[in-house]
Amino acid sequence: MKALRQRHSPLADMPGSLYETSNLERGGSNRKKIEEFSRSSREKLVQSKNKMFSKFTSILQHAVEALAPSLPLQEDFVYHWKAITHYYIETSDDKAPVTDTNIPSHLEQMLDILTQEEAERESGETGPCMEYLLHHKILETLYTLGKADCPPGMKQQVLTFYTKLLAHIRQPLLPHINVHRPVQKLVRLCGEVLAAPTENEEIQFLCIVCAKLKQDPYLVNFFLENKSKRAETKGPAATEESVVAPDTGQSPADEPVAAAAASSSSPTRNHNNNNYNLVTSLLNLTKSPDGRIVVKACEGLMLLVSLPEPAAAKCLTENTELCELLTHRLVSFYKALPPSMDPLDIETVESVNWGLDVYNLKEDAAVFTGKRALISFLSWLDYCDQLIKEAQKSAAAAMARAVSERFFVSVMEPQLMQTSEVGILTSTALLNRIIRQVTSEALLQEIVYFLLGEEKEAESPATLTKNPLRHRLIEHCDHLSDEISIMTLRLFEQLIQKPHRHVLLSLALRNLEERNYLENKPQEEREPLENGQPHDAVDLEEDPLFGDDPSPDTRLSGSDWLSSSPPLSPDHSRSDGKTEVHKIVNSFLCLVPDEAKSSYQVEGTGYDTYLRDAHRQFRDYCGVCQRWDWRGNPKPLEKCDLDLPFFEGHFLKVLFDRMGRILDQPYDVNLQVTSVLSKLSLLPHPHLHEYLLDPYINLAPGCRSLFSVIVRVVGDLMLRIQRIPDFTPKLLLVRKRLLGLEPEGITVDHTTLLEGVIVLEEFCKELAAVAFVKYHAAAASSSP
């Protein structure tokens with residue numbers, strides 16, 4: 001049977017004359033017909049018959065295999081390998097494409113045999129065919145043939161063979177020196193030529209290697225190639241990639257696999273001098289004009305950065321151009337954006353996940369100018385963010401640092417510090433969108449430090465300009481341009497909601513640490529309150545919301561309250577928790593005088609809606625802050641340095657100044673200022689809670705709290721109400737117009753003031769709801 005196969009093998013390149021002779025012997029009639037052809041016709045006929053013969057022998061080979069008894073797998077495997085090597089020995093035409101030969105078919109048969117052999121054996125057992133492949137260095141020979149691309153198209157066939165071999169064989173192959181060494185060499189061939197015809201096979205091969213490393217991360221050490229060792233082997237006598245003689249399988253290898261592995265397969269440990277060719281090849285393929293190839297290459301990089309091996313992480317960030325690729329593209333996409341864009345377009349453009357960037361240029365241009373460039377920028381930002389999020393810890397820190405230095409500091413900071421209002425507005429809106437989109441801890445930390453600095457000590461008026469960018473951004477919250485003020489306030493609101501402790505420490509907590517906003521006097525010297533509350537406070541005992549039996553519509557289920565809330569201030573009586581809640585809530589609800597209230601005349605604007613919102617938001621904040629260890633009482637006064645001069649900090653100063661002008665500011669500005677203050681008041685930190693939500697604290701001379709700022713606003717309002725005729729009807733009309741319940745008609749005098757009063761009333765109800773929710777949560781956590 002072997003002789004029969006060798007006789008009919010297409011790889012033996014049997015000359016067409018044999019076939020011609022066999023035909024001529026069939027009869028005289030055929031001989032006469034052939035002799036009548038001209039010389040040119042005879043040549044064409046010979047060529048045609050050669051093609052027919054190739055097809056015939058292929059059909060005959062399959063027929064013989066189907067009818068003859070099957071050979072042992074190893075003999076079959078060796079036969080197919082010898083058929084390939086014989087082609088190179090006997091062929092004289094090395095320009096014919098590989099698809100015109102039977103090499104692809106033989107390679108496919110070899111893969112099928114290896115797969116079948118593994119299926120027939122116990123798990124982990126190496127069969128004779130696989131032993132033959134390893135022992136005779138078949139992969140090394142195929143690599144050499146693929147590198148030479150002989151015959152044309154052979155590189156594609158070799159890549160496909162490697163890919164299928166690694167994908168289909170379950171037993172670990174990469175630990176073998178005669179596998180990982182040729183695999184590593186083949187990796188270096190990938191991505192060498194941009195838009196090469198083998199790009200698709202290259203990326204499939206690289207991705208399966210990455211997947212195998214993800215399964216067994218330690219194997220990545222085999223792919224950290226030592227530069228110095230590689231340079232030493234490139235002498236005149238021999239090179240690492242020198243062409244090896246094709247293995248015909250006639251003689252066994254000189255060295256056993258185990259001995260070779262012991263001598264040269266151990267991973268190198270000289271990490272500072274390593275090449276990470278797998279990453280380099282993937283980086284090259286990210287520059288492909290084919291978007292599918294780019295996405296696949298990015299997926300491969302995502303797998304590699306997640307490997308936990310410290311050596312690979314170090315090599316990844318120090319010896320490859322990964323960081324340069326991330327930052328260079330981010331900067332390029334950012335610089336491609338129009339110099340001015342509508343903040344609303346930036347804020348509302350649909351979120352884009354990297355790799356799913358489907359677009360239509362005409363449609364995008366019709367929506368707004370720059371939409372395509374914006375989506376491209378946000379898509380690449382999402383990839384950088386996800387890459388850093390998945391990366392090994394040290395690699396993530398290095399990549400995030402690179403993005404901070406080469407993008408935020410070098411590109412964004414000058415944009416934020418410029419004097420052009422249009423430029424400030426656009427760059428601030430883009431930064432706000434970036435902050436909203438980032439989810440990785442390492443990149444978020446770099447953004448926070450970039451914007452706010454790393455200082456942790458308390459602020460003073462003399463140190464406000466220590467960090468120029470932070471100072472400028474906070475000043476922009478009180479900018480002459482209302483649009484810039486609103487956008488910057490939104491930026492800080494976005495920051496406050498991010499799960500990073502340093503944001504709150506930098507903006508507020510470091511200035512409240514010593515509680516030196518409290519008056520430093522003995523308890524007996526303090527001015528007493530009437531019955532423990534302001535003299536004009538209203539008794540809420542009859543209010544159905546606070547009575548002994550709250551109605552189901554206004555009562556919140558006790559099981560819903562969270563346990564992570566700041567406890568009641570130690571300065572207050574704890575004998576009656578409900579009375580304590582009433583005092584706090586009543587203080588905020590009664591701040592605005594009755595003649596300045598209008599919500600009770602409009603349906604759906606009651607206090608209960610704020611309760612539901614406050615409960616949901618407080619629960620979310622508690623989940624974010626849970627790991628920051630904010631539970632417990634405020635710092636005991638005896639441990640606080642109350643003699644230190646108190647400064648609320650630059651951020652709270654600007655917010656309080658803005659809040660003090662609520663009656664004279666545009667409606668949208670007021671909404672944003674109160675929204676930021678509301679977010680701060682929801683945070684479950686005892687000092688922040690005391691400073692923003694406790695009306696009964698005794699402030700030190702010259703200090704102010706949120707409650708004292710609102711009291712001064714209300715005092716100013718009381719004086720101004722007297723000078724406005726028909727104040728209450730005008731107030732109600734403005735409220736209905738804001739709610740869309742009344743059409744716009746004649747202009748109402750003092751509209752800004754009236755809108756400010758409405759915002760003030762709603763804000764006081766919101767603060768009351770926050771206080772109610774937080775105190776009930778504290779009571780629930782302290783109850784048995």
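## Buried residues, salt bridges and a helix crossing

User: Why is Glu-762 called buried?

Analyst: Glu-762 has a relative accessible area of 14%. Buried means under 20%, exposed means over 50%, and partly exposed is in between (1.4 Å probe, protein chains only), so Glu-762 counts as buried. Before we go on: this is a predicted model, where local features need pLDDT of at least 70 and side-chain atom pairs pLDDT 80 or more, while totals for chains, interfaces and linings use all residues. Residues are numbered from 1 along each chain as its sequence is written, and side-chain values use heavy atoms, with hydrogens and water left out.

User: What makes Glu-762 and Arg-735 a salt bridge?

Analyst: Their closest N and O atoms are 2.8 Å apart. The rule asks for a side-chain nitrogen of Lys or Arg within 4 Å of a carboxyl oxygen of Asp or Glu, so this pair passes. Glu-762 sits in helix H34 (residues 751-782) and Arg-735 in helix H33 (residues 727-738), so the bridge ties together parts that are 27 residues apart in sequence. Helices here are DSSP runs (H or I, at least four residues), numbered from the N terminus.

User: Is Arg-735 buried or exposed?

Analyst: Buried: its relative accessible area is 3%.

User: How do you know that Lys-597 and Asp-594 meet in a salt bridge?

Analyst: Their N to O distance is 3.8 Å, so the pair meets the salt-bridge rule too. Lys-597 is buried at 19%, whereas Asp-594 is exposed at 57%.

User: Which parts of the chain does the pair Asp-657 and Arg-704 link?

Analyst: These two side chains form a salt bridge at 2.8 Å, N to O. Asp-657 lies in helix H29 (residues 650-660) and Arg-704 in the loop between helix H31 (686-693) and helix H32 (706-721), 47 residues apart. Asp-657, at 23%, is partly exposed, while Arg-704, at 18%, is buried.

User: Why is the way H21 passes H23 called a right-handed crossing?

Analyst: A crossing is right-handed if the near helix is turned clockwise from the far one by less than a right angle, and left-handed if anticlockwise. H21 passes H23 in the right-handed way. The axes of H21 (residues 393-417) and H23 (residues 441-452) come within 9 Å and cross at roughly 35°. Axes are lines fitted to C-alpha atoms, for helices over the stretch in contact, with angles from 0 to 180 degrees between N-to-C directions.

Notes: Helix = DSSP H or I, 4+ residues; strand = E, 2+ residues; numbered from the N terminus.
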